[in-house]
Amino acid sequence: QVQLVESGGGLVQAGGSLRLSCSAFGRMFSINTMAWYRQAPGEQRELVAANSKISANYTDSVKGRFTISRDFARNMVYLQMNSLKPEDTAVYYCNAVVQLLPYAPDTAYWGQGTQVTVSS
């Protein structure tokens, strides 16, 4: 079983910064993509940023402000969030697409979520 553990959320004023971290634990063959999603109250969960082994992608609203990075050796992913805005307030979820065994299909796992609140 794979577990994702997030940390780094909290309360920050508009214009401030936060760094989220996510660690993947468990037996796995490889991790393909690691990503961050967020869900605001009353809204659907949306992709914020994703990091495959060769590229990173961002939703338009965070481009130039957020940076996703990975530590492949430690099975970790980070989200550096700068110039935060009130509309960034949401629960942020870590996601990993994992191959448990060679030739096995991909399986997606989710963290428990971490709250990010940006005050105006």
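User: Is Arg 65 buried or exposed?
Analyst: This is a predicted model. The cut-off for buried is under 20% relative accessible area. Arg 65 has 10% relative accessibility, so Arg 65 counts as buried.

User: Where does Arg 65 sit, and which residues does Arg 65 contact beyond its neighbours within four places in sequence?
Analyst: Arg 65 is in the loop between β6 (56-58) and β7. Leu 84 is 19 residues away in sequence, with a C-alpha to C-alpha distance of 7.7 Å. With neighbours within four places set aside, the contacts of Arg 65 are Gln 80, Met 81, Asn 82, Ser 83, Leu 84, Lys 85 and Asp 88.

User: What about the phi of Asn 75?
Analyst: Asn 75 belongs to the loop between β7 and β8. At 27% relative accessibility, Asn 75 is partly exposed. Asn 75 is not a glycine either, and its phi is positive, at about 55 degrees.

User: How many helices and strands does the protein chain have?
Analyst: Along the sequence the pattern reads β-β-β-β-β-β-β-β-β-β-β. That comes to 0 helices and 11 strands.

User: Which residues have the most contacts inside the largest nonpolar core?
Analyst: The largest nonpolar core has 28 residues. Inside this core, the most contacts belong to Trp 36, Leu 79, Met 81 and Tyr 92.

User: Which strand gives the most to this core?
Analyst: β3 (18-25), β4 (30-39), β5 (46-51), β7 (66-71), β8 (76-81), β9 (90-99) and β11 (114-119) each supply at least two residues of the core. The one that gives the most, with 5 residues, is β9.

User: Which residues does Leu 79 touch, not counting those up to four places away in sequence?
Analyst: Leu 79 is among the residues with the most contacts inside the core. Beyond four places in sequence, Leu 79 touches Leu 18, Arg 19, Leu 20, Trp 36, Val 48, Ala 49, Phe 66, Thr 67, Ile 68 and Tyr 92.

User: Take Arg 19. How accessible is Arg 19, and what does Arg 19 touch?
Analyst: Arg 19 is in strand β3. Its 45% relative accessibility makes Arg 19 partly exposed. Ser 7 is 12 residues away in sequence and 8.6 Å away in space, C-alpha to C-alpha. Leaving out residues up to four places away, Arg 19 touches Ser 7, Gly 8, Tyr 78, Leu 79 and Gln 80.

User: Which residues does Ala 40 touch, not counting residues up to four places away in sequence?
Analyst: Ala 40 is in the loop between β4 and β5. At 25% relative accessibility, Ala 40 counts as partly exposed. Ser 7 is 33 residues from Ala 40 in sequence and 18 Å from Ala 40 in space, C-alpha to C-alpha. Beyond four places in sequence, Ala 40 touches Thr 89 and Ala 90.

User: Is Asn 51 buried or exposed, and what is Asn 51 in contact with?
Analyst: Asn 51 lies in strand β5. Its relative accessible area is 11%, so Asn 51 is buried.

User: What radius of gyration does the protein chain have?
Analyst: The C-alpha trace spans about 50 × 25 × 25 Å along its principal axes. A compact globule of 120 residues would have a radius of gyration near 14 Å. The chain agrees with that, at 14 Å.

User: What share of the contacts with a separation of 6 or more comes from residues 24 or more positions apart?
Analyst: Of the 120 residues, 42% count as buried. For contacts with a separation of 6 or more, the share from residues 24 or more positions apart is 55%.

User: How far apart are the mean positions of the positive and negative charges?
Analyst: The accessible surface is about 6500 Å², with 50% belonging to carbon and sulfur atoms. The chain has 10 positive and 8 negative charges. Their mean positions are apart by 7 Å.

Conventions:
Residues numbered from 1 in each chain as written. Predicted model: local features only at pLDDT ≥ 70, side-chain atom pairs only at ≥ 80, totals over all residues. Heavy atoms only, no water. Core = buried A, V, L, I, M, F, W, Y, C linked by side-chain atoms within 4.5 Å. Buried < 20%, exposed > 50% of the residue type's maximum accessible area, 1.4 Å probe, protein only. Contact = heavy atoms within 4.5 Å. Rg over C-alpha atoms; globule rule 2.2 N^0.38 Å. Areas by Shrake-Rupley, 256 points an atom, 1.4 Å probe, with all protein chains shown as cover. Lys, Arg positive; Asp, Glu negative; His and termini not counted. Charge placed at Lys NZ, Arg CZ, Asp CG, Glu CD.
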